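Hi,

Here's the structure I said I'd pass on to you. Have a look at it first, then read my notes below.

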Amino acid sequence: MNKAEILTIVMNSPVLEVARETGFDSIELAKFFLKLENLLKRHIPYAEIGDKFYFLLALTVEESDEEMNIFEEDIFVQKIKDGLLDKDNILFINSNGKLVNQGQQGLISDYVQAADFSRDKNLIVIFVEYTSVHIFVNGTPMVYI
Amino acid sequence: MTNSVRYSNIRISEIGVINESLKRSNEILYLFSAANGLNWISLSKIGVQKCLYLVEILSPVKEIILSFLNFIYLHKGPYSKDIQNTLDYLVSLDAIEVVSFTISGSSAYADYRITESGISLVKDLTLYPVENEKLLWIQTVMKVVDVYKGSYGLNEQYQGVDKIIDLVYQEPTFKEIRLRKAKREIIPFGAENKLTKELINFLQTIEQELPDNFDKTRYKLNLETILLSFFEYLYVEHLSESQKNE
């Protein structure tokens, strides 16, 4: 048994970290995280993103008004493949993968607005800016990739 | 009298003096009930074996006592012939049903799912707190299995839950036997199972390993996070071993 490795997992696991911070159901978080990790590693050119990320946030603005599940929608994967992520593209997702309707939230186009939104709405927000992914929990930046 | 009713009567009338065989039947039925709750279409023979192995070997986390199963090391991971016999028994009682069956070479592959009468049986059985606790435990482990079964980098030759074979291969007790290539060796459980127990104990008290300047209460793991950390460890070990073999 590699104790150092286990200690690292427990101290640095993004899932455990978010669960500690938010009190969210850790198994639901893990499910979401691993599905997303799987999706990213299979489809995104910059998939070598290491172990420390929680959620992905990425969608074109025109589609972000629609209800969709990022794990089920081919169009989402296609957008990733096509590299159509930019700083104006943002979406909010719940731990079940369902999108929060951005049309009701107004456009968020930068890092600071994303942080504010996360704090105001008490949401985990993931903001994708080209190859950088910013994650906020209650307005606090958690991880950058 | 239908088979399922007969089975139900046996269970209820003998609940106080339940024998190993019936306990095992109940637990396998709970496994199928949990799979059904997760919307899995079916469970394969391989999947049942691996899930039950994990449920059993992780039972010290919950300090729950399950029926005793003898697992041995075979090529496709831990295997217990008692499980297969019990599956056949449950099929004969109409508590589970065969969804598909194929033969390839010397191997037979079958997928099973719980039936309506099986679901009804689980409802009756879990009126007993001890049985309900077992169901809850199995449901929790299966939820974590459900999380990890789709992880990136698991063996593509398997489908669905069968993919957790790769994680079971990394389970410390099984891994030690696998690395010794001790085929057909019995996998120790309970007090004799020192390696897995050591890992579980470590996770249960992991906050004590942290330097003094850490808020130890913050890092204390609960049942779910112990299971997640355990599986994450298996996953990391699997990725590491795969990388070495490339």
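**Where the chains meet**

Across the interface of chain A and chain B there is one salt bridge. Keep in mind that this is a predicted model. The bridge joins Lys31(A) to Asp146(B), and their closest N and O atoms sit 3.0 Å apart.

Which helices of chain A supply at least two residues each to the side that touches chain B? They are α1 (3-12), α2 (14-22) and α3 (26-43). Of these, α3(A) gives the most, with nine residues. Sorted by class, that side of chain A has eleven nonpolar, ten charged and three polar residues.

As for the overall contact, 24 residues come from chain A and 30 residues from chain B. Together the two chains bury about 2600 Å², and 70% of that is on carbon and sulfur atoms. On the chain A side, Met1(A), Ile27(A) and Leu34(A) lose the most area to chain B, together 23% of what that side buries.

**A helix in chain B**

Take a look at α2(B) too, which runs over residues 20-37. How far does this helix of 18 residues reach from its first C-alpha to its last? The span is 25 Å, close to the 26 Å expected at 1.5 Å a residue. Most of α2(B) is covered, with 14 of its 18 residues buried. Just after this helix comes Asn39(B), which takes a positive phi of about 65°.

Happy browsing!

Notes. Residues numbered from 1 in each chain as written. Chains lettered and ligands numbered in written order. Predicted model: local features only at pLDDT ≥ 70, side-chain atom pairs only at ≥ 80, totals over all residues. Heavy atoms only, no water. Contact = heavy atoms within 4.5 Å. Buried area = accessible area lost by both parts, 1.4 Å probe. Salt bridge = Lys/Arg side-chain N within 4 Å of Asp/Glu carboxyl O. Helix = DSSP H or I, 4+ residues; strand = E, 2+ residues; numbered from the N terminus. Nonpolar A, V, L, I, M, F, W, Y, C, P; charged D, E, K, R; others polar. Expected span 1.5 Å × (residues − 1). Buried < 20%, exposed > 50% of the residue type's maximum accessible area, 1.4 Å probe, protein only.
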